[in-house]
There are 2 protein chains.
Amino acid sequence: MSRLQETYPADKVVLREVGLRDGLQMVKQYPSTAAKADWLKRETEAGVRHYEIGSFLPAKTMPQFADVRDVVDTCNALGIHSAALALNDRGAADAVQTPVCEIVTVVSATEEHSQANARRSRDDAIALVGRTVDLAAKGKTKPLVQAGISMAFGCSITGDVDPDEVVRLAVECADAGADVVGLADTVGFAGPDQVADLVKRVRRELGNTVISIHLHDTRGMGIANAAAALDAGVRVFDGSLAGLGGCPFAPGATGNVVFEDLVFLCERKGFATGIDLEKLIHVREIAADQMPDEQLYGALSRAKAPRQINWRALN
Amino acid sequence: MSRLQETYPADKVVLREVGLRDGLQMVKQYPSTAAKADWLKRETEAGVRHYEIGSFLPAKTMPQFADVRDVVDTCNALGIHSAALALNDRGAADAVQTPVCEIVTVVSATEEHSQANARRSRDDAIALVGRTVDLAAKGKTKPLVQAGISMAFGCSITGDVDPDEVVRLAVECADAGADVVGLADTVGFAGPDQVADLVKRVRRELGNTVISIHLHDTRGMGIANAAAALDAGVRVFDGSLAGLGGCPFAPGATGNVVFEDLVFLCERKGFATGIDLEKLIHVREIAADQMPDEQLYGALSRAKAPRQINWRALN
């Protein structure tokens, strides 16, 4: 079995907790390196195995990710899967110097957003995916490479996004060697039918490439969109503890889909996650302690998982 | 066309705002009669046409519903559809003395909950549905009668609920003359597949009886469950402004599915609601002003409806 299949088995749901990356993207306060280690340790004890934990960027731009190397080391010591963002050649070169398990690159779904956000064309972004794949292959620990397509369901600049374009970009990412292609509802415009339709089209084109989905709950559709993606065959989902993350294009809005609620959804839909919800919910205490000004979201943490029914999937 | 068909057209989604009933079920503070009138007026201006607005109960038990007759009159003056709970013969007799448009009776899905909560058997509850139907038929304004099956997807006492039992009770409610049969996830145990399965079974049995669904967001599944119910053919949905309502069996938990987010879901799934989200969101100000200690929920109210895309359904 390849490392890709070991990391993302086709027949299992994999939930990636991205609170320490996307959850910290816009915050003013952020957890200390020790608190991040505690966060990862306690979530691992709760059964979480996949994480996105930072970004390889100049520390002065994003001080919250200055300790990304330490956090990667923590993940390795815990034996869990670490992914980190690398948004340019320098970041990718830095990433492959570490034992990070997966490098995440980003391609905007629209030319307008690509130019405005990354100051590069989409073609250049695809070329960067290819160079990152080459670097990763030469790296000591040969990390997997994910190409995440941001604004895949709607764009903060152009509004509607042509799904044909997203399908084309997904194929180009796969052709460039990405192991995983991610579809991101960056601004929370998506509805469930739209998610199902796009996922089905991309799956038809991509064959064996793993597809992941990154949903924001900006407009309350996060869990419904995840349910639609599950039904359409996606098995790799991002979510953040307590729904941390926000949306850079909707100030004050709710963030990523709430990881705890996503666990409950998967279990109720018959997919065993191996995650202990009660232990997981307690990890929110670290977020509350380290980022007291951040709003924490989620329903499970208030109501708790039902004790009266067996809500756990059996597979 | 019958009044039932006029009220609940088979080809349109009807969203019932139940904030002034279920939303006030457990609160210590509640809006004044004048504030309730303002609430209804402003929601009507936003395009909402269906409401559950109170309960015919002794005022000393539930002072928040003591003004139910005034609120019914307000609804009639506004030309909107009013529904109100009547949980016993006295309540039903009181209700038919008013021009309320719909009387809602409740049958528990399990014998245990029926006895514990209403101190009657399920058979007695079905018999009460029949007597309410008779009273309604003799009433001056001949209100419609809804029988809501509480705990239809899981019970606070027994845990799992046998769907065969819910189907049987739904048929008995329809046979007793209920115009509308409601399925309620009272404690928020349901997942989307469970909702779809039960709805399909009940629809097969009930023929022309209108089916409504009443979802709580106790564990974050509210919108995903609503999406599943829509896909399975339900066209009548309850929701409460700002997700007011809570769950009597999960203290501090989130409440009913958020009405504003439900509107967005329906529109994104191709069902025109006729509701102006921006105007609707502003009505939350009344809830915030009149019940400052109540937690208000919802994502749309923070992020607002997207301006960049045309998210409105066209039908």
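**From the axis to a strand**

Author: Of the residues of chain A, Ala224(A) comes closest to the rotation axis, at 1.9 Å (C-alpha). The model is predicted: local features need pLDDT of at least 70, side-chain atom pairs count only at pLDDT 80 or more, and totals for chains, interfaces and linings use all residues. Residues are numbered from 1 along each chain as its sequence is written, while chains are lettered from A and ligands numbered from 1 in the order in which they are written.

A rotation of 180° with 0.0 Å of shift along its axis puts chain A on chain B, at RMSD 0.0 Å (least squares on C-alpha atoms of residues with pLDDT of at least 70 in both copies). That is the relation of a two-fold axis.

Now the contact (C-beta atoms, placed from the backbone, within 7 Å). 100% of the interface residues of chain A are also interface residues in chain B, so the copies meet through the same surface. Chain A gives 36 residues and chain B gives 36 residues. On the side of chain A, α8 (192–206), α9 (222–231), α10 (259–268) and α12 (300–303) each give two or more residues (DSSP runs numbered from the N terminus: helices H or I, at least four residues; strands E, at least two). The largest share, 4 residues, comes from α10(A). By type, this side divides into 17 nonpolar, 11 polar and 8 charged residues (charged: Asp, Glu, Lys, Arg; nonpolar: Ala, Val, Leu, Ile, Met, Phe, Trp, Tyr, Cys, Pro; polar: the others, Gly among them).

Next, strand β3 (residues 81–85) of chain A. 5 of its 5 residues are buried, so β3(A) is largely enclosed by the rest of the structure (buried: 20 or more other C-beta atoms within 10 Å). Both faces are covered. His81(A), Ala83(A) and Leu85(A) lie on one side, Ser82(A) and Ala84(A) on the other.

Strand β2 (residues 50–55) of chain A runs parallel to β3(A), joined by 5 bridges (two strands pair at two bridges or more in DSSP). Tyr51(A) has Ser82(A) as its bridge partner. With helix α3 (residues 68–78), β2(A) and β3(A) make a right-handed β-α-β unit (clockwise from first strand over helix to second, strands pointing away from the viewer).

β3(A) also runs parallel to strand β4 (residues 102–108) of chain A, through 3 bridges. Here Leu85(A) is partnered by Val104(A). The crossover from β3(A) to β4(A) passes through helix α4 (residues 89–95) of chain A and is right-handed.

Key
Two residues are in contact if their C-beta atoms, placed from the backbone, lie within 7 Å. A residue is buried if 20 or more other C-beta atoms lie within 10 Å of its own, exposed if 12 or fewer, and partly exposed in between; C-beta atoms are placed from the backbone.
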